[in-house]
Amino acid sequence: MNEVLSAPKWDMSVVYPGLDSSEFRAGFEACQVKLSKLEELFDSQDIRSGGEKSGSTSRLDTAIVAINDFESDFETIGSYIYAFVTTDATDSTAQAKLSELMKLDSTLRKLKNRLAAYVAQCDVKQYVSDSNVGKDHEYALTKMKVLGDNQMSPAEEDLAADLMETGSSAWGRLHGDVTSQIMVTYEANGTSKTEPMAVARAMAYDPDRSVRESAYHAELETWKQFEVPLAAAMNSIKGETDVLCTRRGWDSALARTVFNCNMDMATLDAMMGAARDSFPAFRRYFKAKARLVNESNSLDWFDIFAPIGEDTKVWQYNEGAEFVAQQFSTYSDKMGDFARRSYAENWIDAAPASGKRDGAFCMGLRADESRILMTWKPSFGSVSTLAHELGHAYHNLCLHGKTELQKQTPMTLAETASIFCETIITKAALSTGSPEENLPILEQSVQRAAQTVVDISSRFLFEQAVFEKRASRSLSPSELCDLMLWAQGETYGEGLSNHRHPYMWAVKPHYYSYSSFYNFPYMFGHLFSLGLYSVYRNDPEAFKARYDTLLASTGLSDAATLAKGFGIDITTAAFWEGSLATICEEIDQFVELTR
């Protein structure tokens, strides 16, 4: 359990020997059979819009128990296949299985729509009063009723689910397949290198400015070669989302996302307004960093992630992983032991590879197990990313024992544990070093905050503008680039030079999902976690007694109600301003250290 692997790849063989194994085929077929039986059950119980309401308590009990049972198995099969697709987009067997999986997902989506439609016509309060299953799933049922009220006709919902497989889901897969196979040629130390896009983008962290600049220009030139199919994917997904949201009665795609995030529009406005008011402070940080890296008063895009400090520490994977485990243990033995368990059981895929998806994520696999994908870079940023993704995995651990419907955590609250764990690591690193040693770590902390506040705001503005314009017509690649440059200007302002990144719309996979506005939840999670961390510092033992319960309850109530349990009111700008003030203090420290 104490061995820490170097640049590991995750181990999926503990689930099945391989995608071509008889064990996997049997598991996949069993999942297909189970789904067919679930469909038969829904038919026999008349779970649909206009279905028989007599005996609705027993009907709903049966349907809820059955769908929870199926989704548990479906998650394991889906995560297993996704593990191969995301680490090697050229794996034709994995791609074929993913396509088959999407057919099952389409059927499941139809059954969920039927359940929501049935719940919408029932007396939910009475059902919750009469049934233990209902009591256990009260919040999920309350949300389901709203979703049921915002549905098209059953025939239209079935058609939409079928078409999504060859519509937005297919366009999203195209983006993932294309971008994971792109190769970039750039100059580094007098040598021409051709590497996967994920590796070339990682050069943004290189200490050599000429390498960063070369990789940046090469990256933009390469994105331009792929802009037409990626713009087609963007237009198709946003167009489908807009049409379906309108037909289902949502005011907008944003309104649907806010509802799915278990919050309200007033809370979003309060948070985004507080973020906007903090931009001048972040611009002071950008200017201070610019003076260090290029002796100017504004950052070039390829300097945003430049390491700071003459003796920047090189973090190899084994050292970074052990540091994370040690610091988690200062919070609790449970959290530290959990990190070491993830290393020992090979949950993490951190080695760079051709065909591997860029970025980082954590996905639940089975029971209390998760899997984490990232590409390790020898910087403190990767240490923070590892802590972040392990935070998601710890959240999954706390959710273990809940049903699938009870575990449905919105994106906003899904970032709670990840940012909290990241904060533990950063504060620990800052507490042990000299001012010179702390400068790069402090800069990493502020840099990440700038990404979740300033850059996320730019992505939010961009997506709002895309939806607004896409309602009338498709947007060309150049128009998408112009919108991205506009959004970056509105947020980074004078802190960023004219060397910006017009193709960030092509880079980020979050835009290529029916789940629109996959951006502001990161800001919510970051600022909400800073508020929780302040509560923790004020009374550690009392906080620990409630924290795991909070993580286990993220699918059982709305965000505002859960926050009140810690004395936090997220509906006011004051809370968000308080969390941002903590970041501004770090900006002040950074500016002072760089004078």
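Student: In what order do the three strands of the open sheet stand?

Tutor: This is a predicted model, in which local features need pLDDT of at least 70, side-chain atom pairs count only at pLDDT 80 or more, and totals for chains, interfaces and linings use all residues. Residues are numbered from 1 along each chain as its sequence is written, and side-chain values use heavy atoms, with hydrogens and water left out. Strands (E, at least two residues) and helices (H or I, at least four residues) are DSSP runs numbered from the N terminus, and two strands pair if DSSP finds at least two bridges between them. The pairing in this open sheet is mixed, and the three strands follow the order 3-5-4.

Student: Which residue of strand 5 is the bridge partner of Asp349?

Tutor: Strand 3 and strand 5 (residues 369-373) pair in the parallel sense over two bridges. In strand 5, the bridge partner of Asp349 is Leu373.

Student: Is helix 1 roughly parallel or roughly antiparallel to helix 3?

Tutor: Axes are lines fitted to C-alpha atoms, for helices over the stretch in contact, and angles run from 0 to 180 degrees between N-to-C directions. Angles under 35 degrees count as roughly parallel, over 145 as roughly antiparallel, 65 to 115 as roughly perpendicular and the rest as oblique. Helix 1 (residues 22-44) and helix 3 (residues 92-120) pack at about 20°, with their axes 11 Å apart. Helix 1 and helix 3 are therefore roughly parallel.

Student: How many charged residues are in the contact of helix 1 with helix 3?

Tutor: Contact means heavy atoms within 4.5 Å, and Phe28, Leu35 and Glu39 in helix 1 are among the residues that meet helix 3 there. Ala, Val, Leu, Ile, Met, Phe, Trp, Tyr, Cys and Pro count as nonpolar, Asp, Glu, Lys and Arg as charged, and the others, Gly among them, as polar. The contact of helix 1 with helix 3 has ten nonpolar and two polar residues, and the number of charged ones is five.

Student: How many charged residues are in the contact of helix 3 with helix 7?

Tutor: Helix 3 and helix 7 (residues 154-166) pack at about 160°, with axes 9 Å apart, and that makes helix 3 roughly antiparallel to helix 7. The contact includes Lys103, Arg109 and Lys110 of helix 3 and Glu157, Asp158 and Asp162 of helix 7. By class, there are three nonpolar and three polar residues, and the charged ones number seven.

Student: How many nonpolar residues are in the contact of helix 19 with helix 25?

Tutor: The axes of helix 19 (residues 435-470) and helix 25 (residues 573-593) come within 9 Å and cross at roughly 140°, which makes helix 19 oblique to helix 25. Leu439, Val446 and Ala449 in helix 19 are among the residues that meet helix 25, where Ile583 and Phe590 are among the partners. The contact has two polar and two charged residues, and the nonpolar ones number eleven.
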